[in-house]
Structure formats: structure tokens, C-alpha cells
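Dear colleague,

I am passing on the structure below and would be glad if you could look through it with the notes that follow.

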Amino acid sequence: MRALVLDADRTLSLRERPKPSAGDECVIRVTAAGICGTDLELLRGYAGFSGVPGHEFVGVVEAAGPGDAAWIGQRVVGEITVGCGRCAACGAAGRGHCSVRTVAGIRGRDGAFAEYLSLPSANLHAVPASLDDVTAVFVEPTAAACRVVEQVKIEPGTRAAVVGAGRLGLLVAQVLRAHGARVTVVVRSESGRSVAAALGLETGSADSARASVARAFDVTVDATGQPDGFAGAVALVRPRGTVVVKSTFHGETPVSLSPVVVDEITIVGSRCGPFPRAIELLDAGRVQVKPLVAGVYPLAQFTEAFDRAARGLKVILTPGR
């Protein structure tokens, strides 16, 4: 099968790889896969990953192990973390925090920038016919956005600021709005402002927001994918408010802890989330994704696709074409 392979020297190339075979897992023919900020950071050395990247996908199950034949032919998306289910971390926090976990396209497991990938059936979720492939690619990141409302109490009227108007930030903003929050998206560019506005979201510029609404929000979310995003989120949250950290990137974050201590701010790390809720919101149109798509490319045009993704919003690869 054809696959994009990231080598240890951070070189990405298209080559032939063995097609996975059905054993204890389902083999999925990938029809579409999204390039996200984490994939771009892998090219810079994040997580030290080598192999096939890609973790946002939709596809069709073509083969399955014993007991999973019912999945064959189903169109699916998949949770990306595979845990052992036996260690203390699995017992305490679920397989997403397994001590020996693998993560599709990120940690010890090939991902979705290939014609096929494999995952256990426990990770799969059927996709309704009402969701086209491009929309279905957004199930995984929308689930990550939904994780915020599992971790932080959001009520009607909660003042929330999302710092970052990129791929994930605009999904988080829509999810918060769907749960009743009054959301402001803090943008750095006119392009970010225009996309947020197209989604009906209120915006503010990074510089003016710090000056006019510093310490004003109940909840702030760092979705910048940049080292300075955390400081921006801290500057905007009210005393005894909550900062949710969504950014993942290669390198370190400079952190001043004094404001966190003095204002008694709660810091919440946030990662993967509930797929059923994400599918529900996308299917109901309460989270819109088409304005977030910058382009769709066949796998062979991966160089152009990654260049486009590095300049802004979501780029979709279609390995099966």
C-alpha cells in the first residue's frame, strides 16, 4: 500500500508499506484524513515519532478479526489511543492514559496518511450516512473540543475566550457556544477573524483583548499551538477562573507562575474526547466545518498539502484516490 512515512531525520516521503492484516484488529481503508497542528509539529520533532503520521480520518472496514465481522463494510472513524486495559493508569484514568499506550500516527503506531490502517474494534465508531467524508474527518478534533466541556463546568452565560483561531480553536469555540457559553475568539490575523466571523463567532485581536478584557473571562482556552499562547490565556482569565491548555508543539513553554498563584487560577490539560457527542454535534450542524477546509489533496500531492496546512486551516488528504 502507499503511505506517507516520517523518518527519524524528520523527512516525509511517499513509499510502499505492507498493508496491515486482520488479526486482533480491524483493517480500515482510509478515504480521507486531515492534517492537524500535531502532524505539523511531528515534522519538527514533537514526540520523537517516526512511521506513518495522521490520526484524523474516516474510512471503511475491509477486514476484521474473529468476532468483529459485523464491522466489515461499515464506514467508521476511530479513537486514536490503544491501551492495555490492565495497568494502574488504565484503571485510574482510562486507556487514553495507559502506561504502555500506542497512539495512531503519534506514538508507536502507524496512522492514517496511508491507504490502510488498523485499530481495535473497541476504538471504532460508525459514521452516519448524513456526514460526508470531509465532515467526518473532523470527528476526532471535534471530540477533543468536546473534552473541554467534560472537564470544565460550562453554563449559559459563561464567559469564555478561545485564544487561537486555527483548526482546533474554532472547533472549541463552536462547542463552547453549543453548550451556552458567551464566546470570544482571540485572533492574530484578518484571515482568522474572517473565518471566525463566517461561523458567527465574536472576535477580538490579541493585543486589544489583553488591554480591554484582561482578567475578565471565566474560562480561557489556549488553542494557539504556540509557546506564548498559555501566557495569553492566563492574562485573560478572571481570578479563580480556569485555563484549559489544548496546545501541543515541539519545544518548551515559557511560564510565569506568579499570576497563576496570585489569582488562584486552575490549569486543566485537555486532550482526546467523546466521539459520540462529536458526531451528534456535527450531524446536527451545531458545529460547522466546511469554512475550516483550506483544500483537499490526493496523497501524492502531500508536499503541497503540508505547505498549505502550515499556512492556516484544515487540509484533507484522500489516500484512496
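Buried is used here for residues under 20% relative accessible area. By that cut-off, phenylalanine 113 and phenylalanine 306 are both buried in this predicted model. They form an aromatic pair with an edge-to-face arrangement, the centres lying 5.9 Å apart and the planes at 90 degrees, and a search of the whole structure finds one such pair. Phenylalanine 113 belongs to the loop between strand S8 (108-109) and strand S9 (116-119), while phenylalanine 306 is part of helix H11 (residues 302-310), so the pair ties together parts that are 193 residues apart in sequence.

Two other rings have a charged side chain over the face. Arginine 159 lies over phenylalanine 217, at 4.7 Å from the ring centre, and lysine 314 lies over phenylalanine 138, at 5.7 Å from the ring centre.

Turning to the nonpolar cores, the largest has 48 residues, of which Val77, Val162, Leu170, Leu176, Val185 and Val221 touch the most other members. Elements that each supply at least two residues of this core include helix H4 (139-151), strand S11 (159-163), helix H5 (167-178), strand S12 (182-187) and strand S14 (217-222), and the largest share, seven residues, comes from H5. If residues up to four places away in sequence are not counted, valine 221 touches Val148, Ala161, Val162, Val163, Val172, Leu176, Val244 and Lys246. Apart from this core lies another, of 37 residues, and Phe113 is among them, together with Val52, Phe57 and Val61.

The sheet may also interest you. It is an open sheet of six strands, in the order S13-S12-S11-S14-S15-S16 and with parallel pairing. Strand S13 (202-205) and strand S16 (266-269) stand at its edges, and each has a single partner strand, so one side of each is left without a neighbour in the sheet. From one strand to the next, the twist averages 25 degrees. Strand S15 (residues 237-245) runs parallel to S16 and is joined to it by four bridges; within this pairing, valine 243 has isoleucine 267 in S16 as its bridge partner.

With best wishes

Definitions and conventions. Residues are numbered from 1 along each chain as its sequence is written. This is a predicted model: local features need pLDDT of at least 70, side-chain atom pairs count only at pLDDT 80 or more; totals for chains, interfaces and linings use all residues. Side-chain values use heavy atoms; hydrogens and water are left out. Rings of Phe, Tyr and Trp (its six-membered ring) pair if their centres lie within 6.5 Å; planes under 30 degrees apart count as stacked, over 60 as edge-to-face and the rest as tilted. Buried means under 20% relative accessible area, exposed over 50%, partly exposed in between (1.4 Å probe, protein chains only). A charge sits over a ring if NZ of Lys or CZ of Arg is within 6 Å of the ring centre and within 35 degrees of the ring normal. A nonpolar core is a set of buried Ala, Val, Leu, Ile, Met, Phe, Trp, Tyr and Cys residues joined through side-chain atoms within 4.5 Å. Contact means heavy atoms within 4.5 Å. Two strands pair if DSSP finds at least two bridges between them. Axes are lines fitted to C-alpha atoms, for helices over the stretch in contact, and angles run from 0 to 180 degrees between N-to-C directions.
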